[in-house]
Amino acid sequence: MSAADTTTPAKVPPPRQAPPPAVPKAPRARRSPGGVALPWMLLAPCLLILALVLGYPLVRLVTLSFQKFGQSQLWGFQPAESVGFDNFSKVLGDGEFWAVVVRTFVFAAGSVIFTMVVGMLIALLLQRVSGWVKTLINIALVASWGMPIIVATTVFKWLFDSDYGIFNALLSKLPGVDMIGHNWFASGPQGLAVIMLLVVWGAVPFVVITLSAGLTQVPQELEEAARLDGAGSWGVFRYVTLPILKPIVVMLTTLSVIWDMGVFPQVFVMRGGHPEAEFQLLTTYSYDRAFVVNDYAQGSAIALLTVLLLLGVVAVYMRQMLKIGEVE
Amino acid sequence: MSAVATPGRTSSPQREGSGPSKARKSKAGWNLLGLLVFVTAGFPVYWMLNTAFKPAKDAIDPDPSLLPTGLTLDNFRRALDIADFWGPVGRSLIVSLAVVVIGVAVGLLAALAISRFAFRGRKIVIVGILAVQMVPLVAMIIPVFLLLNDLDQYDKLSGLIITYLTFILPFTVWTLRGFIVNIPRELEEAAMVDGCSRTGAFVRVVFPLLAPGMVATSVYGFIQAWNEYIYALMLMSQKNQTATVWLGNFTTKHGTEYAPMMAGSTMMAVPIVVLFLIVQRKMAAGLTAGAVKG
């Protein structure tokens, strides 16, 4: 796939934009004999499945968080009764919850910034290296991108093993450092730093490859002109490259925020299925409330709060995607 | 990706401004840095393979050698002994294939509707399909668990298949739509002018052009379903576990036997990474098509 492919939509004459919603029947050249019903018939199976497996649980998530729902309601011994905002006030009044929120934000922000900066640096580097180095890097990136998360987590657990992990062994090779036996997961911050590294390692390839595709569409003439006008490398990047890449950067950043706020298996498997208190992120905390403490209602309330926290980011992402969608 | 397809496009020596020798020197510097990136990014994968194939006693050497110390399949045998491997793999295969077949069939219809028809509510459907992709799946575990419990689908493969459609379907619709809009509408129209019916035009003209995109989407969806962990863990009991849960449990129960664990990881990862290598270019292009012109 090259730049030529990605420009195809522009060549297609654009009469196919959605009619403005206010106009009931936009005159259209190609209206099928099936009329209005046909597209909806095509959509029906998809919408039905989504309503069942996504719509219903989503509604249930909301109602559940306003109910009392524990073990006995699960087995049907007691009907679930509405308790208003009780679950929320309990959750919001809990100091532990706020500690988890702060931890999740720090973790997600760190992962996103780290991912975007490293991704951008590697993408820029890829433009400057020889062909064979580029091929090598691409192979390594795609291989790490394709690794199943569970496998990657298992491998990182091994890399950072306290006694036999290669990371400690390599660190100890440095003069004056003895890290053999150091347990990275003895403390929350250190353990989460390792998990962050794992998340970033898995996320960087997608960012690099998407940004590389974007970089090939930055017109050479613009960079050339900026350079002739006396801009240094940083100036060219800051005032020419970055503004052109902005839509991609916005899209990647919002996606990363959404993904990194949803990190679960990495923490869960890394801590052997029982993350300690200082490893809890919003996702594991919600899971813990629901399936360990058996308070499904409170777990749902936490999950719902997480979704609400993400809404703003999702809105930005959607705007960006819709802008892209309108090109076609 | 285009980055691979046009090596060295942006690095013509004259851009460096001064003579070729300086350009070559700076190029060598970049290459060195590039190799460093290669080694760092590739190391976890290398170390997994290295540990999987080395004798188990070398894996617990306090001064591990970075190079392979020997070639043995003992770790693989041990990994297969520890717990049933093929059962979980079979279940993962059934679930992933079923999800992909249903997802692509249903998704293709929906993708056609939103890319080839103008109708009221089209935009709302598009926004909806984009939006549901953003719902963090982890947040949905509790209600999905309760739903399947009510439907008597807990601990059944069919329940897991339905659940996986939540994330495969929106993704499939969106990706296939991306492939369809890249097929010029004029081709279809030409076929219809020449006497094809609308369905005929689709089957004879659009479908062959769409086939590679559909294959890529299917493979990608397969990988996603194969890799899923949380729902598989929550919705299936120990005796019906899938491959990812098999590996996850491996971690918790035999935490110290790292060499067989890496052998298990290798068996899980290699087929997936190979599949991924095959479809990755096509998918990345589909995901970002037109993004710059936003």
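Guide: Two residues are in contact if their C-beta atoms, placed from the backbone, lie within 7 Å. Please note that this is a predicted model, in which local features need pLDDT of at least 70 and side-chain atom pairs count only at pLDDT 80 or more, while totals for chains, interfaces and linings use all residues. Residues are numbered from 1 along each chain as its sequence is written, and chains are lettered from A and ligands numbered from 1 in the order in which they are written.

Visitor: Which residues of H11(A) meet H12(A)?
Guide: Leu222(A), Glu223(A), Ala226(A) and Arg227(A) in H11(A) meet Gly235(A), Val236(A), Tyr239(A) and Val240(A) in H12(A). Helices (H or I, at least four residues) and strands (E, at least two) are DSSP runs, numbered from the N terminus.

Visitor: And by class?
Guide: This contact of H11(A) with H12(A) has five nonpolar, one polar and two charged residues. Ala, Val, Leu, Ile, Met, Phe, Trp, Tyr, Cys and Pro count as nonpolar, Asp, Glu, Lys and Arg as charged, and the others, Gly among them, as polar.

Visitor: At what angle do the axes of H11(A) and H12(A) cross?
Guide: The axes cross at roughly 130 degrees and come within 10 Å of each other. Axes are lines fitted to C-alpha atoms, for helices over the stretch in contact, and angles run from 0 to 180 degrees between N-to-C directions. H11(A) and H12(A) are therefore oblique to each other; angles under 35 degrees count as roughly parallel, over 145 as roughly antiparallel, 65 to 115 as roughly perpendicular and the rest as oblique.

Visitor: Now chain B: how many helices and strands?
Guide: Chain B has 13 helices and zero strands. Of its 294 residues, 47% count as buried.

Visitor: Into which domains is chain B divided?
Guide: Chain B is divided into domain 1 (2-72) and domain 2 (80-288), with bounds that come from an automatic or database domain assignment. Seven residues of domain 1 of chain B are in contact with six residues of domain 2 of chain B. On the side of domain 1 of chain B that touches domain 2 of chain B, H2(B) gives the most, with four residues.

Visitor: How do H5 and H8 of chain B pack?
Guide: Helix H5 (residues 86-116) of chain B and helix H8 (residues 157-181) of chain B pack at an angle of about 40 degrees, their axes 6 Å apart. That makes H5(B) oblique to H8(B). Their contact comprises 23 nonpolar, four polar and three charged residues.

Visitor: Where is Asp152(B)?
Guide: Asp152(B) is in the loop between helix H7 (141-150) and H8 of chain B. Its phi is near 60 degrees, a positive value in a residue other than glycine.

Visitor: Is Asp152(B) exposed or buried?
Guide: Asp152(B) is exposed, because 9 other C-beta atoms lie within 10 Å. Asp155(B) lies in the loop between H7 and H8 of chain B, and with 15 C-beta neighbours inside 10 Å it counts as partly exposed.

Technical notes
Buried ≥ 20, exposed ≤ 12 C-beta atoms within 10 Å, placed from the backbone.
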